[in-house]
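Reader: I have a model on my screen and want to learn how to read it. Where do I begin?

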Amino acid sequence: MVVAPAPTVAAHAEKQKLFETTVKVDETAIPVAVYEGDSPASVATEFAQTHKLDQEGAMQVFYHLKQARALHC
């Protein structure tokens, strides 16, 4: 089980969610939410660190978030 750090959750409590998408990690779809003020790079980096992805995996998450943002915003 993966638990998000408390400061991230608390910081997002006051921000509006812009969109949510899923990213597959080892065939498991994991939801990723992006909030106002978040950058795709920082969200991708945090996600990659949490799920132990390498730099290539982090870049794939980054590109996926940019595409999802273009579709939702």
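Author: We go from the overall fold to the helices, then to salt bridges and single residues. Keep in mind that this is a predicted model.

Reader: How many helices and strands are there in the protein chain?

Author: Begin by listing the elements. The protein chain has three helices and two strands. Along the sequence, their order is α-β-β-α-α.

Reader: What share of the 73 residues counts as buried?

Author: Here the cut-off matters: buried means under 20% relative accessible area. By that rule, 30% of the 73 residues are buried. The accessible surface of the chain is about 5,200 Å². Carbon and sulfur atoms hold 54% of that surface.

Reader: What part of the contacts comes from residues 24 or more positions apart?

Author: Take the contacts with a separation of 6 or more.

Reader: Now a helix. What span does α3 reach, and what span is expected?

Author: Helix α3 runs over residues 55–72, which is 18 residues. From first C-alpha to last, α3 reaches 26 Å. That is close to the 26 Å expected at 1.5 Å a residue.

Reader: Which residues of α3 are buried?

Author: First the general idea. An α-helix has 3.6 residues a turn, so residues three or four places apart point the same way. Now the case. In α3 the buried residues are G57, A58, V61, F62, L65 and A68. Their arc around the axis is only 140°, which puts them on the same side of α3. The other side of α3 has exposed residues: Q55, E56, Q60, Q67, A70 and L71.

Reader: What do the buried residues of α3 pack against?

Author: Their partners are β1 (17–25), β2 (28–35) and α2 (40–50).

Reader: Let me try α2. Which of its residues are buried?

Author: The buried residues of α2 are P40, V43, A44, F47 and A48. They fall within an arc of 130° seen down the axis, so they line one face of α2. These buried residues pack against β1, β2 and α3.

Reader: On to charges. How many salt bridges does the count come to?

Author: Look for a Lys or Arg side-chain nitrogen within 4 Å of an Asp or Glu carboxyl oxygen. The count here is two. In one of them, K15 meets D38 at 3.6 Å, N to O. K15 is in the loop between α1 (6–13) and β1, and D38 is in the loop between β2 and α2, so the pair ties together parts 23 residues apart in sequence.

Reader: Are K15 and D38 buried or exposed?

Author: Check each partner separately. K15 is partly exposed, at 31% relative accessibility. D38 is buried, with a relative accessible area of 17%.

Reader: Which residue forms a salt bridge with K17?

Author: That partner is E20. The closest N and O atoms of K17 and E20 are 2.8 Å apart. K17 is partly exposed, with a relative accessible area of 40%. E20 is also partly exposed, at 40% relative accessibility.

Reader: E20 again. How far is E20 from P31 in sequence and in space?

Author: Compare the two separations. In sequence, P31 and E20 are 11 residues apart. In space, their C-alpha atoms are 6.7 Å apart. P31 belongs to strand β2. Beyond its neighbours within four places, P31 contacts E20, T21 and T22. P31 is exposed, with a relative accessible area of 51%.

Reader: And L18: which residues does it touch beyond four places in sequence?

Author: L18 sits in strand β1. Its contacts are V34, Y35 and E36, not counting residues up to four places away. L18 and H72 are 54 residues apart in sequence but 7.7 Å apart in space, C-alpha to C-alpha.

Reader: Last, backbone angles. What is the phi of D26?

Author: Look for a positive phi in a residue other than glycine. D26 has one, near 50°. D26 lies in the loop between β1 and β2 and is exposed, at 73% relative accessibility. K52 has a positive phi too, about 55°, and is not a glycine. K52 is in the loop between α2 and α3. K52 is exposed, with a relative accessible area of 73%.

Note on methods
Residues are numbered from 1 along each chain as its sequence is written. This is a predicted model: local features need pLDDT of at least 70, side-chain atom pairs count only at pLDDT 80 or more; totals for chains, interfaces and linings use all residues. Side-chain values use heavy atoms; hydrogens and water are left out. Helices (H or I, at least four residues) and strands (E, at least two) are DSSP runs, numbered from the N terminus. The expected span of a helix is 1.5 Å times one less than its number of residues. Buried means under 20% relative accessible area, exposed over 50%, partly exposed in between (1.4 Å probe, protein chains only). The arc is that of the directions from the helix axis to the C-beta atoms. Contact means heavy atoms within 4.5 Å. Accessible areas come from the Shrake-Rupley method with a 1.4 Å probe; for residues, only the protein chains shown count as cover.
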